[in-house]
Amino acid sequence: MYVQEDSLYVGFKERNRATFSYFSFLPNQLSDSFILVPYLSFTEHFTMDSVEDTNVTLPFKNGSSPDYNPGDVGFVLMSTALVFFMVPGVGYFYSGMARSKNALSLILLSLLSIAVVSFQWWFWGFSLTYSKDSGKFIGNFRNIFLQNVQNEPSPVSQKIPDLVFALYQLMFAAITPALAIGAAAERARLFPTIIFIFVWTTLVYDVIAHWVWSPNGWAYMMGAIDFAGGTPVHISCGAAALAYCMILGKRNGHGTEEFRPHNVSNIALGTVMMWFGWFGFNGGSALSANLRAANAMYVTNLSASVGGLTWMFLDYRLERKLSTLSFCSGIIAGLVAITPGSGYVSPSAALLFGFLAGLICNLSVKLKHVFEFDDALDVFAVHGVGGILGNLLTGIFAQKSIAFYDNHERIKGGWLDHHWEQIAYQLATSMAGLFYSFAVTYIILFIMNILPGLSIRASHEAEVKGIDESEIGENAYYHVARLMAANARTGELRTIRETSNFQNNVGKIDRTERTFAHF
């Protein structure tokens, strides 16, 4: 028998071979104790008669290879690709909601979020979030540059290697700032936004994710449950979006001009990409291809469907039309709300998650008019409010029997299991994530705004011209109809008539036609 840090190795000798089992100490939320979880056995062959006289290499040391479940590893890698697919989906969703002169910048920012956070996660992000010997508030630099990450078991599931887990969690870190910066649409400079993504991920996302998901985080140890990112992803990005739009101020023409989505097809496309990817977002958080993952996927789809129908029919009462935009907004609200509870609640509960998300997030959109802030794409109403709602509903409807679908996680459950204090844990974590993200984001942006070259607001001229043209120099759309004529004698070509269509500042199509002299 051999004890190493939080692990126990037990060896059994039989003739010329020895079998070793690896156990991990995991906290038992049902009592103040630990449980031994066996997850790995391996066999070594010897020519010597006794194990005691043999120099045995224990797993994960000196280049040895643990026997991970290839099905679980493949499932998590597939889920990683699905979550990656969500990020450009965010870009297309946001670009469709903005005016055409700003559409390309929002797609670009979603892709930049992947690139910037990929570097940050390798540099120190994963270490600050998931280092195994960390404190309750933040991790350390034990795994900086992904050191000691390659072949060790992950800190959350012993069935997959650390490297696979790090890659999967990278996608969660990448999508969160991509969601948050939607509030700054149509008026934020791109270069300072790139700097913001790196700094915000380090000081906000990594910290909150450590609280909630690291076995050493204070929220995790307290007993808060969050399956796939109610607080680290949705509440944190919603609060950041609120701070961002308050620092930036309102768009030019806000309150006097009508800002309408320029391309509902892009909105629908982005919704489909996110809805599809969310199967990996929630289902993949089981970190294993098991019944719990299947349940998470089922409730995710059901909540999204009910949320979309609820929001659409709520808006139908106003104009007597079935709006595509309303349906897509409700789908996202339902997906957000079910995220923290997807690994803990039943399909019947998911119906209520979707209905309440469609209802409450729809009404929350009105908050920006009441408090007069310009959240351009309603990030706070959908992700901030939806994340809080999902956390609280999880405290009510979480069931220990569903959590144990993976034959591993033991919780006390929520109100359905008569664990009344669970909702207090959920509320405490939600409020901590909300206020921390808002305060730190506000400070980051305030400091950046006074540093030379890092002011975050685009100039008035750039905003009128459009972020695409002023910051990128490229456009999402440029349609020109041109009539050409050729001189029969010289072959010279000349434009006879040219027509351009473009969207003006109030979202209406202007048509300009120029006629040129003939030869």
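Mentor: We begin with a definition: a residue is buried under 20% relative accessible area, exposed over 50% and partly exposed in between, with a 1.4 Å probe and protein chains only. This is a predicted model, in which local features need pLDDT of at least 70, side-chain atom pairs count only at pLDDT 80 or more, and totals for chains, interfaces and linings use all residues. Residues are numbered from 1 along each chain as its sequence is written, and side-chain values use heavy atoms, with hydrogens and water left out.

Trainee: Is K368 buried or exposed, and what is its relative accessible area?

Mentor: K368 lies in helix α11; helices (H or I, at least four residues) are DSSP runs, numbered from the N terminus, as are strands (E, at least two). K368 counts as buried because its relative accessible area is 16%.

Trainee: With which residue does K368 form a salt bridge?

Mentor: Side chains of opposite charge can pair when their charged atoms come close. A salt bridge is a side-chain nitrogen of Lys or Arg within 4 Å of a carboxyl oxygen of Asp or Glu. For K368 the closest N and O atoms are 2.7 Å apart, and the partner is D378.

Trainee: How many residues apart in sequence are the parts that K368 and D378 tie together?

Mentor: K368 belongs to helix α11 and D378 to the loop between α11 and α12, so the pair ties together parts of the chain at a separation of ten residues.
D378 is buried as well, with a relative accessible area of 15%. The separation asked for is therefore ten residues.

Trainee: Is H418 buried or exposed?

Mentor: H418 lies in the loop between α13 (400–403) and α14 (422–450). Its phi is near 65°, a positive value in a residue other than glycine. With a relative accessible area of 59%, H418 is exposed.
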